[in-house]
Amino acid sequence: MIVRILGEGQFELREDQVAALEELDQQLVAALDSGDESRFTAALTRLVQTVRSDGTPVATDRFVPSDLTLPHESATLAEVRELLASEDVGES
């Protein structure tokens with residue numbers, strides 16, 4: 001699985017690492033849905049740090065599509081909502 005962290009780059013994770021990543025992603029979505037900024041920040045930090053620590057950086061000269069894109073670690077709940085809203089508009 002290829003994960004992009006916006007503003008940072010891509011990381012490749014093995015299939016056996018995906019379940020833990022999905023669990024963290026679900027926590028992030030739950031915090032986003034509830035509007036809990038502190039929970040959101042904590043979940044995003046854990047998710048991004050897990051990708052960095054468990055993933056292998058993809059070489060910058062290698063182009064591969066991302067399976068998952070994460071906001072930068074310091075993104076706010078409002079910024080992510082705005083980003084998601086702009087993606088939804090593009091899909092219409």
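This note goes through a predicted model, taking a helix pair and then a pocket.

1. The helices α1 (18–34) and α2 (residues 37–54) pack against each other at an angle of about 155°, and their axes lie 8 Å apart. Angles over 145 degrees count as roughly antiparallel, and α1 and α2 are therefore roughly antiparallel to each other. Where α1 passes α2, the crossing is left-handed.

2. The contact can be followed residue by residue: on the α1 side it includes L21, L24, L28 and L32, and these belong to a set that meets residues of α2, among them F40, A43, L44, L47 and V51. Sorted by class, the contact of α1 with α2 has 11 nonpolar residues, together with three polar and three charged ones.

3. The largest pocket has a volume of about 230 Å³, and its lining is made up of 14 residues, of which L28, T69, P71, V80 and L84 lie nearest the centre. Two or more lining residues come from each of α1 (18–34), β4 (68–70) and α3 (77–91). By class, this lining has 11 nonpolar residues, one polar residue and two charged residues.

Methods. Residues are numbered from 1 along each chain as its sequence is written. This is a predicted model: local features need pLDDT of at least 70, side-chain atom pairs count only at pLDDT 80 or more; totals for chains, interfaces and linings use all residues. Side-chain values use heavy atoms; hydrogens and water are left out. On a 1 Å grid over the protein atoms alone, a cavity is a set of points where a 1.4 Å probe fits but cannot get out, and a pocket is an open set with protein on both sides within 12 Å along at least five of seven lines; lining residues have an atom within 4 Å of a point. Grid points are joined across faces, edges and corners, and a volume is the space filled by probe spheres set on the points. Helices (H or I, at least four residues) and strands (E, at least two) are DSSP runs, numbered from the N terminus. Ala, Val, Leu, Ile, Met, Phe, Trp, Tyr, Cys and Pro count as nonpolar, Asp, Glu, Lys and Arg as charged, and the others, Gly among them, as polar. Axes are lines fitted to C-alpha atoms, for helices over the stretch in contact, and angles run from 0 to 180 degrees between N-to-C directions. Angles under 35 degrees count as roughly parallel, over 145 as roughly antiparallel, 65 to 115 as roughly perpendicular and the rest as oblique. A crossing is left-handed if the near helix is turned anticlockwise from the far one by less than a right angle, and right-handed if clockwise. Contact means heavy atoms within 4.5 Å.
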